[in-house]
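User: I would like a close look at one part of this model, the sheets to which both chains contribute. Please go through how they are put together.

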Amino acid sequence: MTNETEVVRREAAAPAQREAAARRAAIVPAVDIVEDRNGVTVWADLPGVPKEKLEVKVQDVYLSIEAEAVVPTPAGLSVTHAEVRAPRYARSFSISSDLDTSKIDASLQDGVLALRIPRREAALPRRIEVKAG
Amino acid sequence: MSDFFFGNFGTDLFREFDRLQHHMSALASGLPTSLRANQGQFPAINIGSTDDSIEIVVFAPGLDTSKLDVSIDKGLLTIAGERKRPEDANRDESRSYARERFVGSFRRVVELPSNANPDDVQATYRDGCLSIRIGKHESSKPRSITIQ
């Protein structure tokens, strides 16, 4: 983690989200963040979340992930042991202006969200030809 | 032992330390200090019961079900498997800023109550959650006794 970090983790980023998080308890999902020359990829573990309960939002420089897990429970269930207590996930990140938030590609498979955020054209690394003579 | 020190020296060793630390902190504190999902063991498990069944939910996202092993032996339910890092993450020229998601093989064991019926088990994997339903023996189900 250096000053060059493209995606900085900020748990309590936007004030609105902080309030929302305070209202209802939510789990901070585990993420992997990898940057390559064309952009940044974020993977987040969201077990139990169907596509329609997932919301990925971009507001100003913040990217937020909010999701709700749907676990089928039979009637008359009494829980005896719970390691997952809140069926909600929430996490937000601030995004570098080098990244193009209008072209985010999101896919959710088996409870893993993959977000691909491409770099802006102008921010792509370029090789400059040196002419001899 | 030599494999442990020389075979996968590097990230694997540190990952083992991470796991050990998670495990130790879970033992020491008893209660989690925050709701952060990557605390404690992978995968997280919720257990409940109804009159007819024992319901177990395993929060295990991103698994290949063919490599997931669920078995019951002598009253112990074992869930074992392996999770790999996505291939893209290992590309050259890439920099990693966060590696919180669990990678590696895992094994979790749940002791079942004596009234669990190992012949009546259903397991389904959906949206990264493995739901296991184990029936209870008929004789253990609650019933009302009529007074004559």
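In strand 5 of chain B, which residue is the bridge partner of A:Val34?

Analyst: The bridge partner of A:Val34 in strand 5 of chain B is B:Ser96. This is a predicted model, in which local features need pLDDT of at least 70 and side-chain atom pairs count only at pLDDT 80 or more, whereas totals for chains, interfaces and linings use all residues. Residues are numbered from 1 along each chain as its sequence is written, and chains are lettered from A and ligands numbered from 1 in the order in which they are written.

Strand 2 of chain A, residues 31-36, runs antiparallel to strand 5 of chain B and is joined to it by four bridges; strands here are DSSP runs (E, at least two residues) numbered from the N terminus, and two of them pair if DSSP finds at least two bridges between them. Both belong to an open, antiparallel sheet of five strands in the order 8(A)-9(A)-3(A)-2(A)-5(B). Strand 8 (105-109) of chain A and strand 5 (95-99) of chain B each have a single partner strand, so one side of each edge strand is left without a neighbour in the sheet. From one strand to the next the twist averages 10°, with axes taken as lines fitted to C-alpha atoms and angles running from 0 to 180 degrees between N-to-C directions.

Another open sheet, also of five strands with antiparallel pairing, has the order 6(A)-1(B)-2(B)-8(B)-7(B). Its edges are strand 6 (78-82) of chain A and strand 7 (116-126) of chain B, each with a single partner strand, and its neighbouring strands are turned by 20° against each other on average, direction ignored. Within chain B, six bridges join the antiparallel strands 1 (residues 44-49) and 2 (residues 53-59), and B:Ala44 has B:Phe59 of strand 2 as its bridge partner.
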